[in-house]
Amino acid sequence: MMIALSTPAATAASRPQRSRWSRALRFPETAAGLVIVAALFVLGILAPWIAPYGFDAQSSDSFAGAGASHLLGTDEFGRDVFSRVLFGIRQDVVVAGLAVPIGGLLGIALGLLCGSHRIVDSIVQRVFDVQLAFTALVLGVAVSATAVGPGMTAIVVTCVVVNVPLFGRLTRSAIQAQRSRDYVVAAEVVGASRGRVLLRHILPNALDTLIVQAALSLSTAVFIEGAMSFVGIGVRPPAPSLGSLLRTSVNFLDQNPWYALGPIIVVTALVLGFNLIADGLNRGLLRR
């Protein structure tokens with residue numbers, strides 16, 4: 001009896017969901033953002049095959065200007081800046097593709113736990129308050145100094161720590177907002193367990209908001225990598241990252257302006273792409 005009743009309801013509920021996704025993906029912002037991010041991600045992933053030089057290949061031609069052999073010129077060690085920018089994109093791909101999903105899943109799990117246990121909710125929310133009281137860079141310094149040391153691991157851990165309370169609070173808010181809805185009450189009346197109500201009924205209705213937050217968090221991850229590498233606690237030389245390239249280039253702007261402009265353009269494009277995706281998804285999924 002329950003299967004017969006739930007199947008048409010699920011089918012009817014899925015139609016507006018598909019309609020919202022179709023509408024969101026048709027927005028020009030969403031399409032433009034996806035194209036920008038996809039293009040840069042492909043360039044970063046394929047960097048070992050498409051970069052004209054290795055990221056640490058040195059030459060005697062230091063601070064060469066932009067030209068056919070070096071599209072963005074060379075740095076102080078004669079390394080090709082364009083090749084190092086391509087390899088630097090790979091670091092942001094790793095950070096965005098690894099840290100944001102981990103932080104999101106941990107935050108959602110804690111949010112669900114808070115929604116079902118009042119004592120746990122009180123404890124976790126105070127921990128979230130402490131985390132949100134610090135900026136990402138301060139957390140990065142703390143993680144680097146006390147836990148894992150400078151490097152890519154510190155960047156990933158910092159991004160995870162930053163994202164856990166964001167996703168946790170959103171999930172908790174969704175549970176509180178939907179707990180009294182008719183479909184939740186009906187599920188409880190027919191004997192559904194608390195865990196089933198949370199996972200099968202409430203969480204799917206909160207996914208739109210969480211997906212928009214994920215797009216925003218990807219943009220934030222680019223900033224965190226850039227900031228931590230810029231202050232010297234991120235990716236360690238000679239491995240390149242967009243932040244470390246900016247950090248080094250500020251001392252040589254008069255010798256080769258493209259040394260700084262290259263990573264600046266890529267960082268701006270990545271952040272713009274993620275923000276366009278988030279804006280398009282927000283208009284298509286969250287606005288009625």
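Modeller: Arg169 is partly exposed, at 24% relative accessible area. That class lies between buried (under 20%) and exposed (over 50%), with a 1.4 Å probe and protein chains only. The model is a predicted one: local features need pLDDT of at least 70, side-chain atom pairs need 80 or more, and totals for chains, interfaces and linings use all residues. Residues are numbered from 1 along each chain as its sequence is written, and side-chain values use heavy atoms, without hydrogens or water.

What does Arg169 meet? The side chain of Arg169 meets that of Asp129 in a salt bridge, at 2.5 Å from N to O. The rule asks for a Lys or Arg side-chain nitrogen within 4 Å of an Asp or Glu carboxyl oxygen. Arg169 sits in helix H7 (residues 152–178) and Asp129 in helix H5, so this pair ties together parts that are 40 residues apart in sequence. Helices are DSSP runs (H or I, at least four residues; strands are E, at least two), numbered from the N terminus.

Arg126 forms a salt bridge with Asp129, and their closest N and O atoms are 3.0 Å apart. Asp129 is partly exposed, with 34% relative accessible area. Arg126 is partly exposed too, with 46%.

Now step to other charged side chains. The structure holds five salt bridges. One of them joins Arg84 and Asp75, at 3.9 Å from N to O. Are these two buried or exposed? Both Arg84 and Asp75 are buried. Arg79 comes in as well: Asp75, Arg79 and Arg84 are linked in a network of salt bridges.

Aromatic rings come next. Rings of Phe, Tyr and Trp (its six-membered ring) pair when their centres lie within 6.5 Å; planes under 30 degrees apart are stacked, over 60 edge-to-face, the rest tilted. The count comes to four aromatic pairs. One of them is Phe63 with Phe252, a tilted pair with 5.1 Å from centre to centre and 45° between the planes. Phe63 lies in the loop between H3 and helix H4 (81–116), and Phe252 in the loop between helix H10 (242–249) and helix H11 (258–286), so the pair ties together parts that are 189 residues apart in sequence. Phe63 is partly exposed, at 22% relative accessible area. Phe252 is buried, at 19%.

For a buried position, take Ser219. Ser219 is placed in helix H9 (residues 194–230). Its relative accessible area is 4%, so Ser219 is buried. What does Ser219 touch? Leaving out residues up to four places away in sequence, Ser219 touches Val271, Phe274 and Asn275. A contact means heavy atoms within 4.5 Å. Cys159 has a relative accessible area of 0%, and Cys114 has 5%.

Val42, Leu43, Ile45, Leu46, Trp49 and Ile50 make a nonpolar surface patch of about 580 Å². Helix H2 (28–45) and helix H3 (47–50) are the elements that give two or more residues to this patch. Helix H2 gives the largest share, three residues. Trp49 is found in helix H3. Trp49 counts as exposed, at 68% relative accessibility. Patch residues have over 30% relative accessible area and no salt bridge; like charges are joined within 9 Å, nonpolar side chains (Val, Leu, Ile, Met, Phe, Trp, Tyr) within 5 Å.

Last, the whole chain. What is it built from? The chain has 11 helices and zero strands. Of its 288 residues, 43% count as buried. Take contacts between residues at least 6 apart in sequence: 71% of them join residues at least 24 apart. The accessible surface of the chain is about 14500 Å², and carbon and sulfur atoms hold 67% of it. Such areas come from the Shrake-Rupley method with a 1.4 Å probe; for residues, only the protein chains shown count as cover.
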